[in-house]
Amino acid sequence: MASGGPGPPLGERLGPRSCSGERLGPRSCSGDRLAPRSCSGDRDRDRDRDRDRDRERAGPRSAPAPGRPLTLEREVGVWDTVLLEPLTEQAFIANLHQRYKHDQIYTYISQVLVSVNPYKKLPLYSSDVIRAYRSCSRFELPPHVYAVAEEAYRAVREHNSDQCVVISGESGAGKTEASKLIMQYVAAVSGRAKEVNAIKGQLLQSNPVLEAFGNAKTHRNDNSSRFGKYMDLEFDFKGDPIGGLITNYLLEKSRVTAQQPCERNFHIFYQLLTGADIQLLKSLKLQRNVENYDILKQGRPLQYETLDDKRDFQVTRRAMDILGLTPDEQQAILRVIASVLKLGNVTFSPVNNIDGSEGCVVDNEYEVLGTSDLLLVSFETLRSALTRRLVTALASDCGSSVACSPVTLPSSAAIYTDLQDACELLHTDTASLQASLTSHTLDGRLDAVTVELSAAEACSARDVLARALYSRLFAWIVMRINETIKPKKHAKRKVLGVLDIYGFEVFERNGFEQFCINFCNEKLQQIFIQLVLREEQEEYVREGIEWTPVDYFNNAVICDLIEKTNQGILSMLDDECLKPGHGSDEGFLSRLNAACSNHPHFSVISDNSSPAHCFRLKHYAGDVTYDVTDFVKKNVDALSRDLSLVMYRCDLPLMKALFPEGNPKRVTLRRGTSASAQFKISLGALMKSLAAKQAHYVRCVKPNDTKVANEFDSELVRHQVRYLNLLETARVKRVGFAFRQSYESFLARYKMLSLHTWPSWCGLAAEGVTYLLRDLPISMAEYAFGRTKLFIRSPETVYELEEYRRDRLEELATLIQKTWRGWRQHRLFEAMRKSQIIIASNWRTWKAKEELRAMKQRRRTEWAARLVQRAYRGWKRRRFLLRLAHHLPSESPLCREWPRAPPPCQHASALLYKLYHKWRCHKYRMRFDQTSRNRMREKVTSSIIFKGRKASYPKSLNKHFRGDYVKLRKNMFWKKYVNLNWDDRHVVFAAVVNKVNRSNGQFVPVLFVLSTSSMLILDQRTMQIKYRIPAPEIYRISLSPFLDDIAVFHVRAHSPTRETTVEEPNLPGCLMGGGDSGSKHRKGDLVFQTGHVIEIVTKLFLVIQNATGKPPDINIDTEFEANFGQSDVVFSFKASGHPDMPPGQIRIIRRANKMEVIL
């Protein structure tokens, strides 16, 4: 293998083996993170997470079909023949056979893939399988062509190195399908951008077009490539395809005019006739019946189960649309194809000229006319080109050596003949084309001589023209596809080449084309031997690696026999073609017999086992007998000047691109390059291109010659195994090394994996590699040191190195990103900080100016607003006051009306309302006398005390407080008393009330008198004063909130009604009563029941307030205490609602220290 190594692995990784065979992790558990580990740890888990994330992006790895999971454990036989025991030819073939029976058609020989054609469809190429092999190393899943494509693509993307996939094998072994699968895989795993998808579509759609025009059905393959194709897929630095370049090699153009039995012409002819609609066929002057065209009915049979020409034609048309071929270009292509079909039907009949020479005429001129219409050339011009030749000679020779006579053509009433149809298709003149086919022109330095062609020569000219039209059209299509798929950007790019070239062929009759095809396969075999077998073993010896040589057959001797300068078969063929009249096949065979008769790989057939004019070569794939008939003619393959001129004169624009030498301004006498020389040059360029790239090999094997599924011909496979050197390859790979690289390159790629070599190593490269490998968990048996290179034995170790490198690069990339982002953010911060300072400074300046301007404006506005407001408010006030003066409300104190004031006058209006209300109240009061005023005062006081607190209060509202209900002032006894006690002369209230007995709650009528200074209790009959209590001695009055008329007057302990001694205690709330001064009897608080309770309490409240200067306490509650002399009693009021008790009556019950009042 060339240096540079395989592509880096992705997906699930395999750990390297230790000396005991145990798998080791990629990092150590301790130490610096650069040091490798030999057990799991945090870094392993991080790497597993990264790997799982990559697999999630790649999609699930599902099985291609139920019961067939993609695991190596389910593989039958040995999936890599390097592991086969014993490694013999028989065991190798038996292993292939065993796997083939289980539809496991792929087998590895280390990094070489062996593919056996199954001749049936297998569920191995779905999108699920593509996702499974994506980002996966070659040795994780079963062998597959996708694995080879993945390795090559990853090498292009991550190693930035050119790669190529060389697909080789016999014809019918499945090379074309393998190349398409590789392109399909690359297209599926690369980028998804819109532009990238368009490029991938164009690259993939080039296959249907090239197969339609370049493939045909042969004995061994229903879709055999009759040309060699090498496609360079070009990628940018991201791994996305940006274009491509297709190189074609040696189209088998002889198939256009002749095919072997049971073979077909190129697919496009059948696709056009079968798949085109009737309008298209009419425009091309074609008929749908294939039997109507001579160049298509030679092979027979024409229909095959594996081919669907109608469907394929639609696929081809869609592919041409995607490739950017315009409708005019597609129409021109189909015109040329139809012209070839028409030309194939043109026949000639011999005639005798006047001078006795032989000439010819066109039998079916309608075919020529159709061709001329298709090619847009004159019918006469095309007919003349087919029947005459312009021969170059000296002027002195023209008159003596050539007789020129006109040819009289038979008149025909039919206008649309074959020749005419051909001319119409080519848009050329019918007469010119007929003349070119039936005559030959001698063109001297002074004169031009036209020579009539015989019927055989005209037929040959017709076939040459048909082959030239088709081959040049094919070359133009390839050129046009290249224009579409070429990279549009001029940037650094890498290449993945895919070589799909014809396989080794051995037919009953092998001609010039088979000779070139087999020579190409010899060169491919040579480069395989050179890179895989010879150079690898020589490198081991050169580097001092212990090595036991593996023998193999080197086909360099066969290649030299064919291509050696001046002595090879191709050189002798060119020499024969240089003879006057282009030589002969017999002369070429004589040259070969004379020069190569003693060569061990060459022999001339002298017996009757083969036809005459044959020679035999011992190729690497076996002996092949070649018939030299038409070798010289096909090698020269010269198109006459007459036909070139006629084709160039066609009005169809495409014809000028196909026949540039027909331009009259480009006259040259230089002999063209022979076909073999061109093929040799292009093949040499191909070999150089392959040698410059990292090669990946797919060796295709054909299991049988009958193209039948599930049939394995061991002898046929044995033959292929031998000439493909598969067994020798397995032996070399088994004992060799999978990877080698110079110390400098290895150190440059993997130096980041060791602390000793990172970031730079200043010593010898080999010493640095030694330190690097010591720091990695890789067994010493896995590598060897050469003189200038390091050799690694197993691919798994290489994949592990790539895994370590990728992990480390991710760390370094993270470090670089972190540093760069920090630097960028710091710079951005500094720039933003400076900008912020400038912006803030300018903004503050602007803001201050704006604030100053706004402040001045605000002040002016406020001054104007205040001025307006003052004027407005003054006007509103004046208006309100004037209206108020003329519309004052009623003078009644009960009137609540007041004019609504505007907002500025609300406060003034409230003050005015208070003043007005106070004035009218005063005015209202001034209308009353002193007595009425006192009564009003009493009513107001009553409202303050009882409103909302006493249930009987509302009944007192409509009653006048008369005060003296018994006309006490007229009573004689009272007058006497007043004369004695002047302080009680002013009676405030006098009425008979019920005094409540303290012991049993019985009512006792008494006369209750309230003067301005005291409260008196008198006997209502005798008018004897029982108690006189000064007003200041009463400190509290207690009532209930109910409808009862009971009131409790709380009296202080010291009362002026009796004499108190020093020895008597100060008992508050008690009255002392008795007959003589010596007796002491506690009376306590007084309890009364009267219907004038509201009036009594109100008047007493005012008397006490006037006497003491402060109001007494009015206690209204359902429960309160009262002092009854020696004890305190709790009054409790209850509204029972008893049915036996009349409404308004009460019942008082004394129970110990509690007196209950039941309502």
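This is a predicted model: local features need pLDDT of at least 70, side-chain atom pairs count only at pLDDT 80 or more; totals for chains, interfaces and linings use all residues.
Biologist: Is Glu252 buried or exposed?

Modeller: The relative accessible area of Glu252 is 8%. Buried means under 20%, so Glu252 counts as buried.

Biologist: Which residue's side chain does Glu252 join in a polar contact?

Modeller: Look at the side chain of Glu252 in the structure. A polar contact of 3.1 Å links this side chain to that of Arg255.

Biologist: Now for backbone angles. Where is Asp630, and is this residue buried, partly exposed or exposed?

Modeller: Asp630 has a positive phi, near 70 degrees, and is not a glycine. Its place is in the loop between β16 (622-627) and α21 (631-636). With a relative accessible area of 31%, between the 20% and 50% cut-offs, Asp630 is therefore partly exposed.

Biologist: And Met1023, is that residue buried or exposed?

Modeller: Met1023 also has a positive phi, of about 60 degrees. Met1023 is in the loop between β23 (1014-1018) and β24 (1025-1030). Its relative accessibility is 12%, under the 20% cut-off, so Met1023 counts as buried.

Biologist: What is omega for the peptide bond from Glu85 to Pro86?

Modeller: Pro86 is in the loop between α1 (42-58) and α2 (89-101). The bond from Glu85 to Pro86 is cis, with omega near -10 degrees.

Methods:
Residues are numbered from 1 along each chain as its sequence is written. Side-chain values use heavy atoms; hydrogens and water are left out. Buried means under 20% relative accessible area, exposed over 50%, partly exposed in between (1.4 Å probe, protein chains only). A polar contact is a pair of N or O atoms within 3.5 Å; within protein, one must be able to donate a hydrogen and the other to accept it, and residues adjacent in sequence count only if both atoms are side-chain atoms. Helices (H or I, at least four residues) and strands (E, at least two) are DSSP runs, numbered from the N terminus.
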